[in-house]
Amino acid sequence: MCNFCCNFAGSKEIIPMLDAFFRIHDYLVSRSQTPIRRLLMDEINWEDRLIAIKGGRGVGKTDFLLARARELEEEIAARPVPKARRGRVAAPKREVLYVNLNNFFFTEHTLVEFAGLFVKAGGKHLLIDQTFKYPNWSKELRKCHDKYKDLHIVFMASPVMRLIEDNRDLSPIVRMYNLRGFSFREYLILRTGKKFESLTLEAILHNHASIARSICEQVDPIQYFDDYLKHGYYPAFLEDRNFEAALLRQMNMMLEVDVLMIKQIEVSNLPKMRKLLNIMLMTTPCPLNISSISDAIQTSRATTMNYIKYLKDARLLNLLYLEGKSFPMKPVRVYLQNTNIAYMCVEREPEPQAVCETFFYNMIHVAHKVNATERNAMFVVDGKYYFDVKAEKPTGECIRPTAIGNLQVGLGNAIPMWLLGFLY
């Protein structure tokens, strides 16, 4: 046992030492902004003992963890208060703790040690942020899971971290979920204060006209849709600052931290990554000309494909493949990950058609498999639903399901694009 554990094991100093962490926890929980309950909160099985939540930068991962901490504390506060000896009220235990692994404490002490102190002090729910900043994070999380049987751990993960693939420590025991940016449904709730339930793709396909009419009786979605496409995906639009500047900062952090630091790429390659992303901003959606891009960023074709995969993992790009195809094969088309990023190019205004395709892919692939198809359709979803995407309503009849950008209420195969933003 290390000196630290010897000093504190069984000591009355355990709780005072943890007090500093609880003070940070209390401050952050009391000031965190959770203007809307994210749908993912109800989709997670909180009974699992080790839960990973992946999310791109800027989508609200820390606020999500703090919201979970608040809910747990409210549940605990609602329990009957136990009686101590001689009728006195027992001092409440601190069962929930949010901790950021960028704390300098973890430069000298292990996560396993810390979890042990927390459990000894009565802790049951440990919510961990900035996991990637801690060396050997996967081995330590596995040790915590195996050693402390009554401890539930939820940790936030960068999208580029490999939690399942090639991770023998965590793959058998971790349950992984994805936190996305705001859907159009969530954005509409925030803007209007009205309540809207999420929809399934099947419900939209079979009943989109009646569903759209019922929503339009409460609000005009088209009035809000354009602003969502430009500023609504990231929670930064809620803050009193320039949205574009905030998103630009997040995009650079995705490159500098999520790609370079976590993937352990030489910093000297950062200019190439930045140039590659700028090429994507100026050209997507598009097929990939690997030779041309490789020449432009002065690297090999194989390295270029790896860089593109890193940008996809960091949730800056989406790659569209034919069914049965995947990396390292070349995708059919490349899209920016969401429409807010698409509007970040200062050298061009994205075409309405490109924006609509980007929105379609981003909303659908949250819960469905999206592929290119060799048929006349633009997309195939789950291998069975063939879709077209149009910025404007065509003059003729739609022969297959078609998501249309400027449509308020559809008919037949003509489906309002905005309604797909209700899938989560």
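Of the 424 residues in this protein, 53% count as buried, where buried means under 20% relative accessible area, exposed means over 50%, and partly exposed is anything in between, with a 1.4 Å probe and protein chains only. Before I go on, please keep in mind that this is a predicted model, where local features need pLDDT of at least 70, side-chain atom pairs count only at pLDDT 80 or more, and totals for chains, interfaces and linings use all residues. Residues are numbered from 1 along each chain as its sequence is written, and side-chain values use heavy atoms, with hydrogens and water left out.

Now the overall build. The protein has 15 helices and 12 strands; these are DSSP runs numbered from the N terminus, with helices being H or I of at least four residues and strands being E of at least two. The C-alpha trace spans about 80 × 55 × 40 Å along its principal axes. The radius of gyration is 24 Å, which agrees with the value near 22 Å that a compact globule of 424 residues would have. That radius is taken over C-alpha atoms, and the globule rule is 2.2 Å times the number of residues to the power 0.38.

What share of the contacts with a separation of 6 or more comes from residues 24 or more positions apart? It is 68%, with contact meaning heavy atoms within 4.5 Å. As for the surface, the protein exposes about 20700 Å², and carbon and sulfur atoms supply 49% of that. Those areas come from the Shrake-Rupley method with a 1.4 Å probe, and for residues only the protein chains shown count as cover.

Let's turn to the aromatics. A search of the whole structure turns up 25 aromatic pairs. Rings of Phe, Tyr and Trp (its six-membered ring) pair if their centres lie within 6.5 Å; planes under 30 degrees apart are stacked, over 60 edge-to-face, and the rest tilted. Take Phe196 and Phe422: their ring centres are 5.9 Å apart and their planes meet at 75°, so this pair is edge-to-face. Phe196 sits in the loop between helix 7 (184–192) and helix 8 (201–216), while Phe422 is in the segment after strand 12 (414–416), so the pair ties together parts 226 residues apart in sequence. Phe196 is buried at 5% relative accessible area, and Phe422 is buried too, at 1%.

Here is another pair to click on. Phe360 and Phe387 have ring centres 5.2 Å apart and planes at 55°, so they count as tilted. Phe360 belongs to helix 15 (residues 352–364) and Phe387 to strand 10 (residues 385–390), so this pair ties together parts 27 residues apart in sequence. Both of these phenylalanines are buried.

Ring pairs also build a cluster, and its members include Phe182, Tyr187, Phe196, Trp418 and Phe422.

The charged end of Arg68 sits over the ring of Trp46, 4.0 Å from its centre. Likewise, the charged end of Lys309 sits over the ring of Phe327, 5.6 Å from the centre. To qualify, NZ of Lys or CZ of Arg must be within 6 Å of the ring centre and within 35 degrees of the ring normal.

Phe327 comes up again in the backbone. Most residues other than glycine have a negative phi, and most peptide bonds are trans. Phe327 and Pro328, however, are joined by a cis peptide bond with omega of about 15°, and Pro328 lies in the loop between strand 6 (317–320) and strand 7 (333–336). A cis bond also joins Thr284 and Pro285, with omega of about 0°; Pro285 is in the loop between helix 11 (270–283) and helix 12 (290–297).

Gln264 lies in the loop between helix 10 (243–263) and helix 11 and is exposed, at 71% relative accessible area. Asp382 also has a positive phi, near 55°; Asp382 is in the loop between strand 9 (379–381) and strand 10 and is partly exposed at 31%.

Last, the cysteines. How many disulfides does the structure hold? The count is 0, a disulfide being a pair of cysteine sulfur atoms within 2.5 Å. For Cys216, the closest cysteine sulfur is in Cys356, 16 Å away and too far for a bond. For Cys286, the closest is in Cys345, at 12 Å, again too far.
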